[in-house]
Amino acid sequence: MNGMHGIIFSYEKSNGLRELTEHRIHGSVPFGGSYRMVDFILSDMVNAGIRDVGVIMHGRCQSMMDHLRSGKSWDLSRSFGGLTLLPVFAYNNARGDGRFRGKLEALDVVKEYLHHIRQDYVVLADSDVALNIGLKAVLQAHLDTGADVTAVCAPSTGDGLYLNMDASGRVQEVVEEQHKGFRCLQIFLLRKELLLALVERFVSRNEYSFQEYVLQGLAKELHIHGYVFGGFAAHITDVAGYYASSMQLLDPAVRQDLFCPDRPIYAKENDAASTYMDPHGGCVNSLVDDGCDIQGSVSGSIISRGVRVEKGAVVDGCILFKDTVVGKDAVLRHVIADKNVKVGSGVHLEGTEKYPMVLSKGAEV
């Protein structure tokens with residue numbers, strides 16, 4: 001099949017997200033109230049006509065497995081193909097010490113799955129990037145340029161991997177922590193045969209890092225081409241970046257770009273009742289999911305399903321995950337509260353935009 005196959009990586013990374021990843025891997029962190037991080041790239045793949053997707057998971061992946069399940073929410077529930085969950089720790093008695101040592105090793109662990117891919121091209125993507133990208137256009141650019149590997153990048157700053165390209169878009173150098181130029185969004189497109197050859201070549205030498213051995217090591221040998229994406233892209237690596245990217249969603253222009261009607265973002269079904277907002281409270285410039293009870297004042301915040309804000313409470317510039325309760329007359333400013341957090345009556349919690357306060361899952365304050 002002259003089409004694309006999707007492979008999504010969701011694994012434990014350096015703990016820049018701190019409390020938010022105590023009970024989950026990066027891809028299942030909530031984003032935008034109604035969504036998880038993985039929903040965006042998975043929806044991008046479905047919108048591009050990709051019908052077979054493998055999700056390689058490592059670490060605290062129970063939350064991810066519960067979220068994705070059979071893939072029905074993304075029309076990927078099929079008896080043949082569709083969504084396949086690939087927890088790499090379940091293979092080969094956990095190689096090494098059980099750590100995630102690199103994407104090439106993870107791909108080698110599921111090599112039998114790779115050999116059964118029916119499509120000619122494979123899209124490799126991390127699960128911690130929120131963007132709405134037309135992957136058909138990426139494939140067309142890949143064909144037009146004759147590239148071996150096409151890497152999606154964006155003109156942004158922040159920690160990460162950067163691509164230095166010539167005038168034609170061919171990658172000349174791959175560097176870390178450059179903080180200028182084109183930041184790699186960890187989305188790559190290449191032929192299935194090349195992917196298998198690269199896995200065989202490097203894993204046989206105990207070299208596991210796709211970034212180090214393919215992108216950096218073969219920049220001169222392979223034609224690696226940069227596809228510059230100009231839309232909203234949030235690559236989440238730490239709490240400050242997570243908070244800043246979330247707050248950007250309150251801008252209507254950003255929401256219109258990320259939640260483009262032509263390429264909808266799908267999420268797990270939500271059967272909650274409509275949200276109740278007390279007319280004596282108030283909700284301004286906020287995103288509020290279904291099933292909430294808002295009796296206090298909410299402004300500039302992102303509220304997930306089942307949150308309760310009691311009378312007299314003030315929630316300003318906060319991100320509240322599912323089933324959080326803010327007690328009567330409590331005040332929260334610049335706070336990120338994980339699931340099932342309970343903030344008592346009259347409690348005052350305040351972080352800053354640069355350093356938001358984070359409350360762990362199930363915490364009681």
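R24 is buried in this predicted model, with a relative accessible area of 4%. Its side chain meets that of D338 in a salt bridge, 2.9 Å from N to O. D338 is buried too, at a relative accessible area of 1%. The pair links distant parts of the chain: R24 sits in the loop between β1 (4-11) and β2 (30-31), D338 in the loop between β25 (335-337) and β26 (342-343), and 314 residues separate them.

How many salt bridges does a search of the whole structure find? The search gives 14, including these:

| Salt bridge | N to O distance |
|---|---|
| D338 and R24 | 2.9 Å |
| K111 and E200 | 3.5 Å |
| D75 and R78 | 4.0 Å |

In the bridge between K111 and E200, K111 belongs to helix α4 (residues 111-115) and E200 to helix α6 (residues 192-203), so the contact ties together parts 89 residues apart in sequence. K111 is partly exposed, with a relative accessible area of 25%, and E200 is partly exposed at 47%. Shared partners join D108, K111 and E200 into one salt-bridge network. As for the bridge between D75 and R78, D75 is exposed at 51% relative accessible area, while R78 is partly exposed at 34%.

Now to helix α5 (residues 135-145), where L135, V138, L139 and H142 are buried. Seen down the helix axis, the buried residues of α5 fall within an arc of 100°, so they line one face. K136 and D144 are exposed on the other side of α5.

Finally, the surface carries a patch of negative charge where D159, E176, E177 and E212 gather. Among them, E177 lies in the loop between β10 (171-176) and β11 (182-191) and is partly exposed, with a relative accessible area of 46%.

How values were computed
Residues are numbered from 1 along each chain as its sequence is written. This is a predicted model: local features need pLDDT of at least 70, side-chain atom pairs count only at pLDDT 80 or more; totals for chains, interfaces and linings use all residues. Side-chain values use heavy atoms; hydrogens and water are left out. Patches are made of residues with over 30% relative accessible area and no salt bridge: like charges are joined within 9 Å, nonpolar side chains (Val, Leu, Ile, Met, Phe, Trp, Tyr) within 5 Å. Accessible areas come from the Shrake-Rupley method with a 1.4 Å probe; for residues, only the protein chains shown count as cover. Lys and Arg count as positive and Asp and Glu as negative; His and the chain ends are not counted. The place of a charge is taken as NZ of Lys, CZ of Arg, CG of Asp or CD of Glu. Helices (H or I, at least four residues) and strands (E, at least two) are DSSP runs, numbered from the N terminus. Buried means under 20% relative accessible area, exposed over 50%, partly exposed in between (1.4 Å probe, protein chains only). The arc is that of the directions from the helix axis to the C-beta atoms.
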